[in-house]
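Student: I have a new structure open and would like to talk it through. Can we take it piece by piece?

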Amino acid sequence: MSVADLNSAAGQAPAVRHDWTRAEVQALFDLPFNDLLFRAQTLHRQYFDPNEVQVSTLLSIKTGACPEDCKYCPQSTRYDTGLEVEKLMEVEKVLEQARAAKSSGATRFCMGAAWRSPKNRDMPYVTAMVRGVKELGLESCMTLGMLTDEQAQELAEAGLDYYNHNLDTSPEYYGEIITTRTYQDRLETLDHVRKAGMKVCSGGIVGMGENAGDRAGLLQQLANMPQHPESVPINMLVRVEGTPLADEADLDPFDFIRTIAVARIMMPASHVRLSAGREEMNEQMHALAYFAGANSIFYGEKLLTTPNPQANKDMELFGRLGIRPEQRQVDAEPASPDPRFYDAAAGARA
């Protein structure tokens, strides 16, 4: 029995809240650093094994040519970042990458497409990808932009486990970063995902010029949802030449760690993901983030279009810290494979 199971059985885990006030959230950010981390780590141990981290791999299945104006994103058509545009990948090529991710230790395979929203003609291909990833025994996640009710239902019927759609920042600061879709648009997509029965992956980006109040506002929005996101990615801005935020000042590393710790306290049963920006973090900052409550990472050399620490470096640090990759619990046998792809490995085993 894990530490989390023992604590749960003892009735030690406090109730999850959905009624945080901005003043309460700000008070958490204002705690002395050691007090904040002690509180976050204590709560983390009541819900999770403190020495396990969930490992995911992210693949860009369609790169560039996005019509949105998100100021942080190199995939927008509005900015000249030198990014090479790539069309939607073939299903089997995506599954080749998923097999490689699984062999490297990932338990969840995430697929991202640079769309404002998927077109109906794209849905048969993305649902085939989902079915294929599920056949491999991996959890599946996608981020495709805004979804209609019908599209969310299609993805759910294909077996998609998670849908990622970040809120990015606070409602007050949002207009400084994005103007081509509203905050409400994002909330409606998350509502469609929930109604379809999928799990939600939603978080934000820090270091975009926002203030501490905006970071508090982002976490308040996430934590006051009727059901917390099961996965909460906390990204640190990756500054890309050609985007409007390319010259943004460095975020204080302690402010980043504070954001992780407050997210852990407010959403204690969620996986808090140490996401984009890890290339700029040293080993000590990684270790501090894990202590603050981060228990999920993206694993591999690239996050969509930006660098990520090499996988072997993550595993080496895990070994030095005594951290184990979290193992996925498979509740049912995989479904029949989708007819649109052929598993060559299965043929070789026959």
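Student: To start with the helices, is the crossing of α3 and α9 left-handed or right-handed?

Tutor: The crossing of α3 and α9 is left-handed. A crossing is left-handed if the near helix is turned anticlockwise from the far one by less than a right angle, and right-handed if clockwise. Helices here are DSSP runs (H or I, at least four residues), strands are runs of E with at least two, and both are numbered from the N terminus.

Student: Before we go on, what kind of model is this?

Tutor: This is a predicted model, in which local features need pLDDT of at least 70 and side-chain atom pairs count only at pLDDT 80 or more, while totals for chains, interfaces and linings use all residues. Residues are numbered from 1 along each chain as its sequence is written, and side-chain values use heavy atoms, with hydrogens and water left out.

Student: Back to α3 and α9. At what angle do their axes cross?

Tutor: The axes of α3 (residues 33-47) and α9 (residues 253-266) cross at roughly 40° and come within 9 Å. Axes are lines fitted to C-alpha atoms, for helices over the stretch in contact, and angles run from 0 to 180 degrees between N-to-C directions.

Student: Which residues make that contact?

Tutor: From α3 there are F33, L36, L37, R39, A40, L43 and H44, and from α9 there are F254, I257, R258, A261, V262, R264 and I265. Contact means heavy atoms within 4.5 Å.

Student: And by class?

Tutor: The contact of α3 with α9 has ten nonpolar, one polar and three charged residues. Ala, Val, Leu, Ile, Met, Phe, Trp, Tyr, Cys and Pro count as nonpolar, Asp, Glu, Lys and Arg as charged, and the others, Gly among them, as polar.

Student: What about α5 and α6, how do their axes cross?

Tutor: The axes of α5 (residues 123-135) and α6 (residues 149-158) come within 8 Å and cross at roughly 30°. That makes α5 roughly parallel to α6. Angles under 35 degrees count as roughly parallel, over 145 as roughly antiparallel, 65 to 115 as roughly perpendicular and the rest as oblique. The crossing of α5 and α6 is right-handed.

Student: Which residues are involved there?

Tutor: M123, V126, T127, V130 and R131 of α5 meet Q151, E154, L155 and A158 of α6. By class, five are nonpolar, two polar and two charged.

Student: New topic. How many helices and strands does the chain have?

Tutor: The chain has twelve helices and twelve strands. Of its 350 residues, 55% count as buried. Buried means under 20% relative accessible area, exposed over 50%, partly exposed in between (1.4 Å probe, protein chains only).

Student: Now the annotations. Which residues does UniProt list under "binding site" together with C110?

Tutor: The unreviewed UniProt entry has a "binding site" annotation that covers C110, C141, C201 and R273. They span 164 residues in sequence, yet no two of their C-alpha atoms are more than 13.7 Å apart, so they gather at one spot. UniProt positions are given in the numbering used here, feature names are shortened, and annotations may be inferred rather than shown by experiment.

Student: Where is R273?

Tutor: R273 lies in strand β8 (residues 271-274). At 1% relative accessibility, R273 counts as buried. Leaving out residues up to four places away in sequence, R273 touches several residues, including R108, C201, P233 and F298.

Student: And C141, is that one buried or exposed?

Tutor: C141 counts as buried, at 3% relative accessibility. Its place is in strand β3 (residues 139-143). Beyond four places in sequence, the residues that C141 touches include C110, Y162 and N164.

Student: N164 came up there. Where is N164 found?

Tutor: N164 is found in strand β4 (residues 162-164). N164 and T143 are 21 residues apart along the chain, and their C-alpha atoms are separated by 4.9 Å.
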